[in-house]
Amino acid sequence: MADTQQEANAPQPANAASEPAAPTQQAAVTEPAHEPAIAGEDESTTAAVVREQIDEVAADNGQGQEALEIDDDRDSGFTGDDSASDTTSIASSMLRGHIENGRKYATLRDDYWGPSDDQQFETMDAGHLLYLILNSDHHNMLFRSPVPHPQHVLDIGTGPGTWAIDVADKFPEAIVNGVDLYPPPTSWVPPNCYLEVEDVLQEWTWKHKFDLIHLRLMLGAFTEEQWRDVYRKCYENLAPGGWIEEVELDVRVMCDDESLRPDSLIAGWGQNFLDCAERAGRSLATQTTMKSKMEHAGFVDVQDQLFKCPIGAWPKNKTFKEAGRINFHHWSSGLDGWAMFLLTKFGAPQPWSADEVRVYVAKVRQELQNPRLHIYHFTRRVWGQKPL
Ligand SMILES: C[S@@+](CC[C@H](N)C(=O)[O-])C[C@H]1O[C@@H](n2cnc3c(N)ncnc32)[C@H](O)[C@@H]1O
């Protein structure tokens, strides 16, 4: 494998993940019993402060995810206020990236839709916090695979490396590799964590087998054939009995009441991007296909957990209110980066101009500010084992 960046001078970031969590709360839901209102016809607060809130929230929740009861007493929650690899060199062109429409993209591939700049890293960090909060009732908030003492862990598409760093902190005896297309923005990682620059579609050269391989929010990164290749490589690079785990979100925004108008831009958001991604040949519906692809690759005992992620502080339950608050920031900071590449290259009826995208995003962001919305999206977690 290729370039590694690991510096050890700066202070360690707060690591909420290493703290044991409190009372059990089942965050998973079964498939919706009724068809929820679907978006579309077819289908900073500082990180440290939020992390501190996770344990507090976990200690005070006792309500199932299914309910997502609405907090009628709240004020507007949308104010936004509270809410060892082979080498160590990194080419400067990788650091500079490729600038397009005001966003920075990795140079290693020109077909990946996501920017790799500070704004996108902030979005990814918010996503990481969202999933920590929603798993705050579990002793291990980072993964479900039954690997109590991991020795070698790989995080594919690690982004800023937040998940990999938290796993390395929680399991100091493990070696954790995180890999992405660009040098990590992180100035400090634990000594047992290696953030590497590599394209996972190229040959893997890690010399050891892993006992856990993790992927999160890799939707739209690969063609169907490339996904099969990635799962095959995961299988081959896991030790017998090792686990693969993947977390992917459904880009469609939904509600269980009438609060999301079917003619709103948010309602059409998900389908808009599902269609763009189909035209790009890299589906965003990864959450619906990953389980069968893992099974096809040979994984067994594949388990599937679907859960709701509120957007906005509308739920009554404290955990989901906090999750919704963070998810609002996740969306608010993410919209531009999620939209720009796909719409300017694959928008319909013809590719959109960057200004059209900016106006669209501004309007969607404005709609998100509506405190009367009770919206959410689904996220799915799937994990399975390579036979012993
Ligand atoms: C949406 S981000 C998710 C980041 C992180 N897993 C998280 O949950 O915050 C997807 C990441 O996958 C990376 N990625 C896409 N294609 C890749 C490839 N072929 N090899 C390595 N990383 C890739 C992107 O650069 C991006 O950082």
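Q: Is the crossing in which α8 passes α9 left-handed or right-handed?
A: α8 passes α9 in a right-handed crossing. Before we go on, please keep in mind that this is a predicted model.

Q: What else describes two packed helices?
A: The general idea is that two packed helices are described by the angle between their axes and by the distance between those axes. Here, helix α8 covers residues 318–346 and helix α9 covers residues 354–368. Their axes are 9 Å apart, and the packing angle is about 155°. α8 is therefore roughly antiparallel to α9, since angles over 145 degrees count that way.

Q: Which residues of α8 and α9 meet?
A: From α8 come F328, W331, S332, L335, D336, A339, M340, L343 and T344. They meet A354, V357, Y360, V361, V364, R365 and L368 of α9. Sorted by type, the residues of this contact are 12 nonpolar, two polar and two charged.

Q: At what angle do α6 and α8 cross?
A: Helix α6, residues 265–280, crosses α8 at roughly 60°, and the two axes come within 9 Å. That angle makes α6 oblique to α8. On the α6 side the contact is made by F273, C276, A277, R279 and A280, and on the α8 side by L342, L343 and F346. These residues divide into seven nonpolar, no polar and one charged. As for handedness, α6 passes α8 in a left-handed crossing.

Q: How many helices and strands does the protein chain have?
A: The chain has nine helices and 12 strands. Let's turn to a strand next.

Q: How many residues of strand β7 are buried?
A: Five of the five residues in β7 (residues 193–197) are buried, and the strand is described as mostly covered.

Q: Which way do β6 and β7 run, parallel or antiparallel?
A: Strand β6 (residues 175–180) and β7 run parallel, joined by five bridges.

Q: Where is L217 found?
A: L217 is in the loop between β8 (210–216) and α5 (224–237).

Q: Why does L217 count as buried?
A: The idea is to count neighbours: 20 or more other C-beta atoms within 10 Å make a residue buried. L217 has 20 such atoms within 10 Å, so L217 is buried. Leaving out residues up to four places away in sequence, L217 touches G127, V247, E248 and L249. G127 is 90 residues from L217 along the chain, yet their C-alpha atoms are separated by 9.2 Å.

Q: What is L108 in contact with, leaving aside its neighbours within four places in sequence?
A: L108 is in contact with M94, L181 and D199. L108 sits in the loop between β4 (103–105) and α3 (118–134). With 21 other C-beta atoms within 10 Å, L108 is buried. The C-alpha atoms of L108 and E198 are separated by 7.9 Å, although these residues are 90 apart along the chain.

Q: What percentage of the residues in the protein chain is buried?
A: Buried residues make up 50% of the 388 residues.

Q: What should I look for in the backbone angles?
A: Most residues other than glycine have a negative phi, and most peptide bonds are trans. That gives you a background for spotting exceptions.

Q: Where is the peptide bond that is cis, with omega near 5°?
A: That bond runs from A348 to P349. P349 is in the loop between α8 and α9, the helix pair whose axes are 9 Å apart.

Q: What is the phi of N101?
A: Phi of N101 is near 50°, which is positive in a residue other than glycine. N101 lies in the loop between β3 (98–100) and β4. With 15 C-beta neighbours inside 10 Å, N101 counts as partly exposed.

Q: Does D301 count as buried or exposed?
A: D301 counts as exposed, with 12 C-beta neighbours inside 10 Å. D301 is found in strand β11 (residues 300–311). D301 is not a glycine, and has a positive phi of about 55°.

Note on methods:
Residues are numbered from 1 along each chain as its sequence is written. This is a predicted model: local features need pLDDT of at least 70, side-chain atom pairs count only at pLDDT 80 or more; totals for chains, interfaces and linings use all residues. Axes are lines fitted to C-alpha atoms, for helices over the stretch in contact, and angles run from 0 to 180 degrees between N-to-C directions. Helices (H or I, at least four residues) and strands (E, at least two) are DSSP runs, numbered from the N terminus. Angles under 35 degrees count as roughly parallel, over 145 as roughly antiparallel, 65 to 115 as roughly perpendicular and the rest as oblique. A crossing is left-handed if the near helix is turned anticlockwise from the far one by less than a right angle, and right-handed if clockwise. Two residues are in contact if their C-beta atoms, placed from the backbone, lie within 7 Å. Ala, Val, Leu, Ile, Met, Phe, Trp, Tyr, Cys and Pro count as nonpolar, Asp, Glu, Lys and Arg as charged, and the others, Gly among them, as polar. Two strands pair if DSSP finds at least two bridges between them.
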